[in-house]
Every structure is written in C-alpha cells, then in structure tokens.
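Welcome, and take a moment to look over the sequence and the model below. We will walk through them together, one part at a time.

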Amino acid sequence: QLAGGPGWGNECAVLSSGTLKCWGLNNNYQIGDGTATMRLTPVTVSGFAASIVQMDVGFYSPCAVLSNGTAMCWGWNAHGQVGNGTAVNPTVPALVSGLTNAVSVSSGYTQSCAVLSDTTVKCWGKNDYGQLGNGTNVASLVPVAVVAPPVT
C-alpha cells in the first residue's frame with residue numbers, strides 16, 4: 001500500500017511484511033524516525049507493537065492501524081490530531097488513546113478519524129467547524145464518537 005500526502009511533501013509505503021517506510025519532508029517529524037531531517041530515500045519507521053494493515057499520510061500527521069486493532073499517529077500535533085491526549089509533536093509513532101478495534105484511519109489537516117470494527121467512527125483534533133461530528137465545536141485531544149444520524 002502506498003500512502004502519499006496530497007502534495008504535502010512526504011510519502012509512505014506499507015510493505016507486504018507490515019513494515020512502514022517513509023521519505024521526504026520531515027519538518028514536523030512526519031517521517032516518524034525521531035528526527036526532523038528530510039529523508040531523500042525511504043527509512044523504516046519503527047516502534048509499532050504489531051504489523052501495519054492500513055495507514056494515511058495526512059497533512060504532516062500520519063496515522064496507521066495495526067493488526068492488533070490499535071492506531072498510532074505522529075508528527076504535527078498542534079490541534080491534538082495525533083490523539084494521544086497532548087498537543088506536543090511526537091517524533092515517533094504514538095498510541096492513539098482508547099482505540100482497540102480500529103480497522104481504518106484517515107488523517108486530515110487538523111483532525112484524524114478512525115472506523116472501528118463495529119462500524120462506528122471516532123475522531124480527534126480541531127473541531128471549530130464541527131469536523132469531529134460529535135455535535136459540538138470543541139476540540140478533543142483524544143478520540144470522540146461521531147454521532148450517528150437519526151434513522152428515517
């Protein structure tokens with residue numbers, strides 16, 4: 001699986017072994033190798049407790065779903081879009097708080113979301129326009145449930 005950012009300067013690839021390789025711009029630690037050094041060739045991103053099954057590069061804040069159902073994010077975290085309960089940029093992958101049954105993840109500009117195995121969705125990060133879908137415009141540093149629309 002190749003996961004490229006929409007022109008934000010870095011790329012990643014999940015190998016068939018479940019290993020993650022990233023390269024390119026690294027000004028916000030979005031490569032996840034513990035440095036802010038631009039990488040002109042792919043480097044292995046380590047620190048995952050299980051193999052990666054899906055990932056999204058996003059805007060400076062990549063996230064990955066692991067085979068054990070957890071999710072990890074890293075990089076730019078000014079709005080809590082890493083989901084680890086802080087607004088500090090993690091230089092290596094950080095565990096998203098409270099997700100144990102994630103199946104896919106999507107990283108946006110200032111927020112991230114995960115689809116869970118029960119088909120519910122949780123999002124975290126900036127929420128000034130209601131982009132977390134929880135009926136508020138209050139940001140969250142940890143995942144919150146997206147409110148399901150009423151059945152008609």
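What you see is a predicted model, in which local features need pLDDT of at least 70 and side-chain atom pairs count only at pLDDT 80 or more, while totals for chains, interfaces and linings use all residues. Residues are numbered from 1 along each chain as its sequence is written, and side-chain values use heavy atoms, with hydrogens and water left out.

Let us begin with the whole protein. How many helices and strands does the protein have? There are 0 helices and 12 strands; here helices (H or I, at least four residues) and strands (E, at least two) are DSSP runs, numbered from the N terminus. Read from the N terminus on, the elements therefore run β-β-β-β-β-β-β-β-β-β-β-β. The radius of gyration is 15 Å, close to the 15 Å that the globule rule gives for 152 residues, so the protein is as compact as a globular protein of that length. That radius is taken over C-alpha atoms, and the globule rule is 2.2 Å times the number of residues to the power 0.38. Along its principal axes, the C-alpha trace spans about 50 × 30 × 25 Å.

What about the surface and the inside? The accessible surface comes to about 6900 Å², and 60% of this belongs to carbon and sulfur atoms. Such areas come from the Shrake-Rupley method with a 1.4 Å probe; for residues, only the protein chains shown count as cover. Of the 152 residues, 43% are buried. Buried means under 20% relative accessible area, exposed means over 50%, and partly exposed is in between (1.4 Å probe, protein chains only). Among the contacts with a separation of 6 or more, 36% are between residues 24 or more positions apart, where contact means heavy atoms within 4.5 Å.

Now turn to a sheet. Four strands form an open sheet in the order β5-β6-β7-β8, with antiparallel pairing. Its edge strands are β5 (52-56) and β8 (94-95), each of which pairs on one side only. Two strands pair if DSSP finds at least two bridges between them. For β5 and β6 (residues 63-66), which run antiparallel, there are 4 bridges.

Next come the disulfides, which are pairs of cysteine sulfur atoms within 2.5 Å. How many disulfides are there by this rule? The count comes to 3. One joins C12 to C22, with the sulfurs 2.1 Å apart. C12 lies in strand β2 (residues 10-14) and C22 in strand β3 (residues 20-24), so the pair ties together parts that are 10 residues apart in sequence. The torsion about this S-S bond is about 105°, so the disulfide of C12 and C22 is right-handed. C12 is buried, with a relative accessible area of 0%, and C22 is buried with a value of 0%.

C63 is in strand β6 and C73 in strand β7 (residues 71-73), 10 residues apart. This link is right-handed, with 110° about the S-S bond, and both C63 and C73 are buried.

There is also a disulfide between C113 and C123, with an S to S distance of 2.0 Å. Strand β10 (residues 111-116) holds C113 and strand β11 holds C123, 10 residues apart. The torsion is about 105°, so the disulfide of C113 and C123 is right-handed. C123 counts as buried, at 3% relative accessibility. With the bonded cysteines numbered in sequence order, the pairing reads 1-2, 3-4, 5-6.

Finally, visit two loops. A87 lies in the loop between β7 and β8 and counts as partly exposed, at 44% relative accessibility. Leaving aside neighbours within four places in sequence, A87 is in contact with N77, A78 and L141. From A87 to N127 is 40 residues in sequence and 14 Å in space, C-alpha to C-alpha.

N134 is found in the loop between β11 (121-125) and β12 (140-145). With neighbours within four places in sequence left aside, N134 is in contact with N127, V144, A145 and V147. The side chain of N134 also makes a polar contact with the side chain of T136, at 3.1 Å. A polar contact is a pair of N or O atoms within 3.5 Å; within protein, one must be able to donate a hydrogen and the other to accept it, and residues adjacent in sequence count only if both atoms are side-chain atoms.
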